Amino acid sequence: MSTHIPDGFLDLQICAITYLIVLVFWIFAFRRARQVLSEKQIPLMGTLTAMFFAAQMMNYPIIGGTTAHLLGGPILAITLGPYAGLISMTIILLIQALFFGDGGITTFGANVWNMGVIGVFIPYIICLIIMKILRDRKGILIGAFIGAFVGDLLAAVFAGLELGLSTLTFPYSVSIAVTAMAIHHSFIGIGEGIVTAIIISVLLKTRPDLLQLPKVSPVWIGELPIILPKSGGP
């Protein structure tokens with residue numbers, strides 16, 4: 001029930017469409033990154049990319065005898081912005097596909113769309129909306145949890161949709177594939193939400209400055225409101 005789709009599971013038309021869509025996001029992401037990324041953000045981006053690459057290699061058991069792992073997209077989006085999160089997730093997924101057989105080359109565009117676009121942009125947008133309603137520390141934690149949960153769930157739903165629409169290579173219908181992915185990832189999403197909220201809470205207490213860095217995000221989405229540390233805190 002992983003969202004890493006291997007080679008041979010998607011029809012070539014689905015692979016081509018997802019590659020083209022992701023290509024557009026890559027162009028805008030790298031263009032925006034050149035404008036926004038600073039010397040302070042680049043080491044943080046490298047550290048988070050390495051951390052979530054390692055985190056994705058560690059699986060934990062869930063219901064039904066299958067396993068899951070942390071995606072990390074929501075944290076990348078909230079700390080660096082969704083475009084930077086997309087670039088980090090692209091690097092992670094590329095290394096996994098080339099050297100560890102986790103995911104595929106023909107399905108690379110679909111995997112980046114699911115985990116690097118849906119799994120990054122959706123959490124950021126939801127967190128942004130909630131923080132504009134609850135403009136305090138509680139707002140970012142609630143936004144981080146709900147955003148991570150919904151982002152993880154939708155990434156799985158898109159993976160199920162791509163598999164179900166691949167009638168030449170996948171034996172199950174859209175309804176079966178989407179339902180199976182959604183049920184399992186509703187539990188995985190809760191774990192992603194809890195871990196995301198905990199990490200953001202730790203950053204708020206220890207390094208709130210990292211959450212106040214400029215975000216590499218589309219201008220039309222905007223940036224997360226700045227959360228100031230409590231008086232007397234670090």
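**Figure 1. Contacts across the chain in the whole protein.** Among contacts (heavy atoms within 4.5 Å) with a separation of 6 or more, 76% join residues 24 or more positions apart. This is a predicted model, in which local features need pLDDT of at least 70 and side-chain atom pairs count only at pLDDT 80 or more, while totals for chains, interfaces and linings use all residues. Residues are numbered from 1 along each chain as its sequence is written, and side-chain values use heavy atoms, with hydrogens and water left out. The protein has eight helices and two strands, taken as DSSP runs numbered from the N terminus (helices H or I, at least four residues; strands E, at least two). Read from the N terminus, the order of elements is α-α-β-β-α-α-α-α-α-α.

**Figure 2. Overall dimensions and surface.** The C-alpha trace spans about 60 × 40 × 30 Å along its principal axes. A compact globule of 234 residues would have a radius of gyration near 17 Å, and the protein agrees with its 17 Å; the radius is taken over C-alpha atoms, and the globule rule is 2.2 Å times the number of residues to the power 0.38. Of the 234 residues, 51% count as buried, with buried meaning under 20% relative accessible area, exposed over 50%, and partly exposed in between (1.4 Å probe, protein chains only). Carbon and sulfur atoms hold 73% of the accessible surface, which comes to about 10700 Å² (Shrake-Rupley method with a 1.4 Å probe; for residues, only the protein chains shown count as cover).

**Figure 3. Helix 4 against helix 5.** Here the axes of helix 4 (residues 82-99) and helix 5 (residues 108-133) come within 9 Å and cross at roughly 150 degrees. Axes are lines fitted to C-alpha atoms, for helices over the stretch in contact, and angles run from 0 to 180 degrees between N-to-C directions. On the helix 4 side, the contact includes Pro-82, Tyr-83, Leu-86 and Met-89; on the helix 5 side, the residues include Phe-108, Asn-111, Val-117 and Tyr-124. By class, the contact has 13 nonpolar, four polar and no charged residues. The nonpolar set is Ala, Val, Leu, Ile, Met, Phe, Trp, Tyr, Cys and Pro; Asp, Glu, Lys and Arg are charged, and the others, Gly among them, are polar.

Figure 4. Apart from residues up to four places away in sequence, Asn-111 touches Thr-3, His-4, Ile-5, Leu-93, Gly-103, Gly-104 and Gly-116. Val-117 also lies in helix 5 and is buried at 3%. Leaving out neighbours within four places in sequence, Val-117 is in contact with Phe-25, Leu-86, Val-112 and Ile-122.

**Figure 5. Thr-3, ahead of helix 1.** Thr-3 sits in the segment before helix 1 (12-36) and is buried, with a relative accessible area of 3%. Look for Leu-71, which is 68 residues from Thr-3 in sequence and 9.6 Å away, C-alpha to C-alpha. Residues up to four places away aside, Thr-3 touches Leu-71 as well as others, including Asn-111, Met-115, Ala-155, Met-181 and His-185.

**Figure 6. Arg-32 in helix 1.** Arg-32 has its place in helix 1 and is partly exposed, with a relative accessible area of 23%. Neighbours within four places in sequence aside, Arg-32 is in contact with Tyr-83, Val-216, Ser-217 and Val-219.
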